[in-house]
Amino acid sequence: QVQLVESGGGLVQAGGSLRLSCAASERTFRTYYMGWFRQAPGKEREFVASINWNGGNTNYADSVKGRFTISTDTAKNTVYLQMNSLQPEDTAVYYCASRGPVVGEYNYWGQGTQVTVSS
């Protein structure tokens with residue numbers, strides 16, 4: 001069973017930065033792609049960014065392009081989400097997820113970490 005553990009959330013003022021981390025229990029076909037998602041109160045969960053372990057195939061939601069950067073550290077089996085120029089609308093619970101190499105649903109999810117941006 002893949003385990004994903006997020007950390008790094010918190011409270012920050014608008015314009016500030018946070019870096020989220022997601023430690024994966026394995027780096028296998030089951031975690032070929034790693035993604036970040038977020039869910040704000042009263043809204044559906046939405047895609048934020050994704051990457052594969054060699055650092056390629058990065059994808060971003062339009063709402064975060066130019067502000068957020070996803071990256072990997074294979075030595076630590078960890079994926080990061082550097083979030084800059086944070087805005088109140090970025091407030092959400094952020095989830096790390098993984099899936100295999102074939103296009104499809106993300107199968108494994110972390111417990112989530114809260115990010116709150118004050119105006």
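Tutor: Glu26 forms a salt bridge with Arg30, and their closest N and O atoms are 3.0 Å apart. This is a predicted model, in which local features need pLDDT of at least 70 and side-chain atom pairs count only at pLDDT 80 or more, while totals for chains, interfaces and linings use all residues. Residues are numbered from 1 along each chain as its sequence is written, and side-chain values use heavy atoms, with hydrogens and water left out.

Student: What is a salt bridge, and how many salt bridges does a search of the whole structure find?
Tutor: The term denotes a side-chain nitrogen of Lys or Arg within 4 Å of a carboxyl oxygen of Asp or Glu. A search of the whole structure finds five salt bridges.

Student: Which residue forms a salt bridge with Arg38?
Tutor: The partner is Glu46, with the closest N and O atoms 2.6 Å apart. Arg38 counts as buried at 6% relative accessibility, whereas Glu46 counts as partly exposed at 35%.

Student: Where do Arg67 and Asp90 lie?
Tutor: These two residues form a salt bridge, their closest N and O atoms being 2.7 Å apart. Arg67 lies in the loop between β6 (59-60) and β7 (68-73), and Asp90 in the loop between β8 (78-83) and β9, so the pair ties together parts that are 23 residues apart in sequence. Strands here are DSSP runs (E, at least two residues), as helices are (H or I, at least four), numbered from the N terminus. Arg67 is buried, with a relative accessible area of 17%, and Asp90 is buried at 1%. Salt bridges that share partners join Arg38, Glu46, Arg67 and Asp90 into one network.

Student: What is a disulfide, and how many does the structure hold?
Tutor: A disulfide is a covalent bond between the sulfur atoms of two cysteines. The criterion is a pair of cysteine sulfur atoms within 2.5 Å. The structure holds one disulfide, formed by Cys22 and Cys96 with their sulfur atoms 2.0 Å apart. Cys22 lies in strand β3 (residues 18-24) and Cys96 in strand β9 (residues 92-99), so the pair ties together parts that are 74 residues apart in sequence. Both Cys22 and Cys96 are buried.

Student: Why is the disulfide of Cys22 and Cys96 left-handed?
Tutor: The torsion about its S-S bond is about -75 degrees, so the disulfide is left-handed.

Student: How many aromatic pairs does the structure hold?
Tutor: Rings of Phe, Tyr and Trp (its six-membered ring) pair if their centres lie within 6.5 Å; planes under 30 degrees apart count as stacked, over 60 as edge-to-face and the rest as tilted. The structure holds five such pairs. One of them is the edge-to-face pair of Phe37 and Phe47, at 5.7 Å centre to centre with 75 degrees between the planes. Phe37 in strand β4 (residues 33-39) and Phe47 in strand β5 (residues 46-52) are 10 residues apart. Ring pairs link Phe37, Phe47, Tyr106 and Trp109 into a cluster.

Student: Which charged end sits over the ring of Trp109?
Tutor: That of Arg45, 3.7 Å from the ring centre. The criterion is NZ of Lys or CZ of Arg within 6 Å of the ring centre and within 35 degrees of the ring normal.

Key: Buried means under 20% relative accessible area, exposed over 50%, partly exposed in between (1.4 Å probe, protein chains only).
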